[in-house]
Amino acid sequence: MPSEPGTQPPPPPPPSPSYPRDTRDRRGPAGAGTPGPPDASAAAPQRDFTEPRRLHPASVVLGIPVAQAVQALIFPFVATLAAPAWLTLFVLLTFAAVGGVVRVLDWRMRTFSFDGEVLRVDHGVLSRNHRSLDVSRIQQVEIHRGAIQRLFGLAAIRVETAGSASEPEVDLRVLPEADAVALRSAVRLSQARLAGRTTAGTPSEDDPSGAAGREVLRVPMRHVVLASVTGARLLVLPAVLGGALQFIGNQIGPFIDEAIERMIELGLAGETPTVVGPDLRLLAIGAALGLVLSVAAAVVVGVLRDGNFHIRQVDEDLHVSRGLLSTRDSVVPLRRLQLVEIKRNWARRVLGYATVRIRSAGGSTGGEGRVTVPLLPTEDVDRLLSELLPNVDGVPDLHAHPPAALRRALFRWLRPAALLIAAVHLLPEVIGFLDTDLVATLQPYTFLLLPINAVLAVIEYRQLAHGATPLVVAARSGALSISTSIAPVVKVQALTSRRSFFQRRLGLTTLLAHVAGPGALLTVLDAGRDDAARLHAQLTEHAASPIPVVPERADGPGGEAGGRSGRHDGSGAGSQPAAAG
Amino acid sequence: MTVQAGDDIPRPGLDDRERELAPAVITSWRLSAALGWILPSVVALVLGFVFGGSWGWLVVVLLAGLVTFSVVFYPPMRYRRWRWQLTELAIELRYGVLVRTQETVPYFRIQQIDIAAGPVDRLLELASLQVTSASASGSAVLPGIAAADAPRVRAELLARAAAAVAEHPGDLRDAV
């Protein structure tokens, strides 16, 4: 069986980014269905992972789980706060020493291996833990290089499966970088082989420099900067503002003291007291400084995190890399892509930009780790979508929801406002200590919420829409921040339709399409009843029988082949037979 | 995958008609509603009489109304609304008094099936059956079917899931 054409003796350094479209379908014997021999075909060009091996010794230090370390140290630290310093030091040192021994033992007892089909991780000092992970279950592989790790040429590798709930299924920290890359290629190779699309030869080898494959998207630095300025990362603002306020307080304090003293003196002298205020210019400078600092902080954080963001396509995988100091490099197989979310908050909408979030079913990459394109001009969104989703030209045509949905939107927005107004006006009557001047001053202003929320409700209604093609289903919603979710219909796992009492009276239905991954859900809010019923039935059919529908293709149910052929050259139907011949 | 091959599993042959839950589930719901009301009632009564003075009686009346409704009247209403069905492609659930819900989990997407029975359910010879897909939120729960039926339903679901998987070529079998 090792006669497979491409996997003869390991070809030393991978010949430059080979992304040979023409060799795609030169399937060796392994391509014919039976998974190839475990070792021979999967052996990464340089390295062999069949023997269990340990992580890099540096993982004694670099592999410390931060949360665990904090948990372990917080109790002794707090407990000895009252004690003399030498005792605190002693206790902390003891804990550190014990921790060090535990870490060394943990490193010695933690091994991993990969035989081409199963990734095994054994660990545990007292109670042993053996984890085997079938390669076909792997959803996403991420290589993370922290700033310190990069200094020593190390990297961590994270493997996500659909099941992993809160933490990665396998998290190997830390390996020599070359090993991590080789392990990932080995995983990718055998994934490709299992999917029956053995790219004979050297399927574009992973290249740490990031040159392999075809670049799908690169986010220029000015967009990263703009993303940090317009994004939620400005939440650093409160902290900085707090600092600024303290600065201002320090400025005012002496002035007030001084003013009081002077008033007393003047009063004693029998003259009219005059008050000299604090230096307003100083206050203004302080506030401006705070603002500038917070924006600068947001920009620095954003640039370090998302600088050099680019997506490459290597064979059928997306390689998403980002980061300046510490870098992340995630691999998401295109066929594992579950949901694409296009988000536009008001600032970005005004400027004509959007962010795009790509979800695989990988469980743990919450928030931080999820693959998010920081900023993209709105007009480029369709192009990116056509790269992410096979045979999709862009956001499908969306249909607005019936006018009855406006009533629901108004209700949704006005109810909390009305409750707040009622509370502000009625509670002070009942509860004595709320009856203060402050509340009395606020009372009239609360009525402003009504028109504001009504406008937001109208905006939200106008954004409500959904659409479906034979390939994808899409839904849009949101008022201040508008989000459009797009899921391939073949990824829909289950469906829920909900009709509350009011929705029934208005002839509306809310449809939820569940896809794999934590919180991954496509919500069609308040669609017309018949539309929703039709969509429910259509998606059920797709979910029950996930054969990709490819309109242009003539040669039968090509299965995955249909999904992957020619989405870039536009002549998908033609390229496949040509390649095969 | 939970299922290896469709042929090994005997098919109990449940047909496609609409089904109801076991009537005993009403009793089970009544019991759990009654148990669930004990603590809130005590707290509300104490608060009502300590702080409300003569308003305490209003609390008693309100509480009595709520408890009567949720223990006596609501469970039968809920039962009447509950239907489940094994259609050609999927298991479908329709339920809900105020919010009508229709849940669909296609056989092909079934990842796991759990049968569970709490102490009350076991006294009443009931079981609940949960069908889970790969999605975190998309699962279907049959809250009260006869305990004797549960394995039959599960076997039927497994058989249908296996058949659905077997229909697809190798690289499409992976439901995620």
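1. At what angle do helix α12 and helix α13 of chain A pack, and how far apart are their axes? In this predicted model, the angle is about 150 degrees and the axes lie 10 Å apart. Helix α12 covers residues 404–430 of chain A, and helix α13 covers residues 437–446. Angles over 145 degrees count as roughly antiparallel, so that is how α12(A) and α13(A) run relative to each other. Their crossing is left-handed.

2. Which residues make this contact? From α12(A) come A:Leu420, A:Ile421, A:Val424, A:His425 and A:Pro428. From α13(A) come A:Val439, A:Leu442, A:Gln443 and A:Thr446. By class, the contact of α12(A) with α13(A) has 6 nonpolar residues, 3 polar ones and no charged ones.

3. Next, helix α9 of chain A. It spans residues 280–306, 27 residues in total. From first C-alpha to last, α9(A) reaches 39 Å, close to the 39 Å expected at 1.5 Å a residue. Its buried residues are A:Ser294, A:Ala298, A:Gly302, A:Arg305 and A:Asp306. Just after α9(A), A:Asn308 takes a positive phi of about 60 degrees.

4. Now the contact between chains A and B. Chain A puts in 34 residues and chain B puts in 27. On the chain A side, four elements each supply at least two residues: β19 (492–499), α15 (501–506), β20 (508–515) and α16 (529–544). The most comes from β19(A), with 7 residues.

5. What is the make-up by class of the side of chain A that touches chain B? That side has 15 nonpolar, 14 polar and 5 charged residues.

Notes
Residues numbered from 1 in each chain as written. Chains lettered and ligands numbered in written order. Predicted model: local features only at pLDDT ≥ 70, side-chain atom pairs only at ≥ 80, totals over all residues. Axes fitted to C-alpha atoms, helices over the stretch in contact; angles between N-to-C directions. Parallel < 35°, antiparallel > 145°, perpendicular 65-115°, else oblique. Left-handed = near helix turned anticlockwise from the far one by under 90°. Contact = placed C-beta atoms within 7 Å. Nonpolar A, V, L, I, M, F, W, Y, C, P; charged D, E, K, R; others polar. Expected span 1.5 Å × (residues − 1). Buried ≥ 20, exposed ≤ 12 C-beta atoms within 10 Å, placed from the backbone.
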